[in-house]
Amino acid sequence: MTQLTISGDSGSGNCLKVKFIADRLGIPYRWIETSVVKAETRTAEFLALNPAGQVPLVVLADGRRLAQSNAIMLYLAEGSDLVPTDAFDRALMFQWLFWEQYSHETAIAVRRYHKFFLNKPDTEIDPALMPKCERALAIMNDHLAARTYFVAERLSLADVALVAYTRFSHEAGLDLAHWPKVRAWVQRIERDLGLKTALPAT
Ligand SMILES: N[C@@H](CCC(=O)N[C@@H](CS)C(=O)NCC(=O)O)C(=O)O
């Protein structure tokens, strides 16, 4: 039987988000490892599937294709307990999903890519990224000061989207010991998702 395929790079938080949701919801899929560093997202074959040349990309059983990690998560999790039914809570979840893509991923994931995957020394990495990363983590830490989860005190797509790169903060050169509420929340979400922790031992 044809089933969902996920083209993804298993080092990418955006791709892992999709895997986490499919695993959590018991959705069967075939994973097609597609390396960003090896430019496998830029082959003619891949560009024919996603002209944006980016993973994650899913191809549904009927052949329809969907890109953008948060859009894919929303499609897969429709009607599940990971999407709040209350309209305001759902809008809050979207608030964090949009913030993740505009202000969080663009700092932490980008700095991690340059430092960890491209092995660049700090002097060759855009200096504006570090304060942007620190600001994102401070916003999260403040939000979590009196909360267990990002929205409505239960696991939602907001937690899954945000944990994807936050758990690799050390690979971006950030020590989560400075943001203890974030660190504790990462451990909680990893536990909820049944993941082995990505955090370094303290
Ligand atoms: N906003 C997109 C970002 C996707 C993205 O940046 N994917 C990266 C890997 S994390 C990629 O495929 N880069 C390859 C390239 O741009 O050539 C999403 O959330 O899916």
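Domain bounds here come from an automatic or database domain assignment. For this predicted model, that assignment gives domain 1 (4-77) and domain 2 (87-192) in the protein chain.

**Domains and their contact**

The C-alpha centres of domain 1 and domain 2 are 21 Å apart. Their contact takes 12 residues from domain 1 and 10 residues from domain 2. On the side of domain 1 that touches domain 2, helix 1 and helix 3 each supply at least two residues. Helix 1 gives the most to that side, with 6 residues. By class, the residues on the side of domain 1 that touches domain 2 are 7 nonpolar, 4 polar and 1 charged.

**The largest nonpolar core**

The largest nonpolar core holds 46 residues, of which Ala158 and Ala161 touch the most other members. Two or more residues come from each of helix 1 (13-25), strand 3 (57-59), helix 3 (69-77), helix 4 (87-117), helix 5 (129-143), helix 6 (157-166) and helix 7 (180-192). Helix 6 provides the largest share of this core, 8 residues. The core lies between domain 1 (4-77) and domain 2 (87-192) because both give residues to it. In soluble globular proteins, nonpolar side chains tend to be buried together.

**Helix 6 and its surroundings**

Helix 6 is mostly covered, with 10 of its 10 residues buried. These buried residues are Leu157, Ala158, Asp159, Val160, Ala161, Leu162, Val163, Ala164, Tyr165 and Thr166. They pack against helix 1, helix 3, helix 4, helix 5 and helix 7. Within helix 6, Ala161 touches Lys17, Asn70, Met73, Trp96, Leu97 and Glu100, when residues up to four places away in sequence are not counted.

The packing of helix 4 with helix 6 has an angle of about 5°, and the axes are 9 Å apart. Angles under 35 degrees count as roughly parallel, so helix 4 is roughly parallel to helix 6. From helix 4, the residues that meet helix 6 are Met93, Trp96, Leu97, Glu100, His104, Glu105, Ile108, Ala109 and Arg112. Their partners in helix 6 are Leu157, Ala158, Ala161, Leu162, Tyr165 and Thr166. The contact of helix 4 with helix 6 comprises 10 nonpolar, 2 polar and 3 charged residues.

**Two residues of strand 1**

Leu4 lies in strand 1, and Ser7 lies in strand 1 (residues 4-8). A residue counts as buried if 20 or more other C-beta atoms lie within 10 Å of its own, and as exposed if 12 or fewer do. Ser7 is buried because 24 other C-beta atoms lie within 10 Å. Leu4 is partly exposed because 18 other C-beta atoms lie within 10 Å.

Leaving aside neighbours within four places in sequence, Ser7 is in contact with Ile32, Thr34, Val55, Pro56 and Leu57. With the like neighbours left aside, Leu4 is in contact with Ile27, Pro28, Tyr29, Val58, Leu60 and Ala61. The table gives one C-alpha separation for each of these residues.

| Residue pair | Separation in sequence | C-alpha to C-alpha distance |
|---|---|---|
| Leu4 and Pro28 | 24 residues | 6.9 Å |
| Ser7 and Asp86 | 79 residues | 32 Å |

Leu4 and Pro28 are also in contact.

Conventions:
Residues numbered from 1 in each chain as written. Predicted model: local features only at pLDDT ≥ 70, side-chain atom pairs only at ≥ 80, totals over all residues. Core = buried A, V, L, I, M, F, W, Y, C linked by C-beta atoms within 7 Å. Helix = DSSP H or I, 4+ residues; strand = E, 2+ residues; numbered from the N terminus. Contact = placed C-beta atoms within 7 Å. Axes fitted to C-alpha atoms, helices over the stretch in contact; angles between N-to-C directions. Parallel < 35°, antiparallel > 145°, perpendicular 65-115°, else oblique. Nonpolar A, V, L, I, M, F, W, Y, C, P; charged D, E, K, R; others polar.
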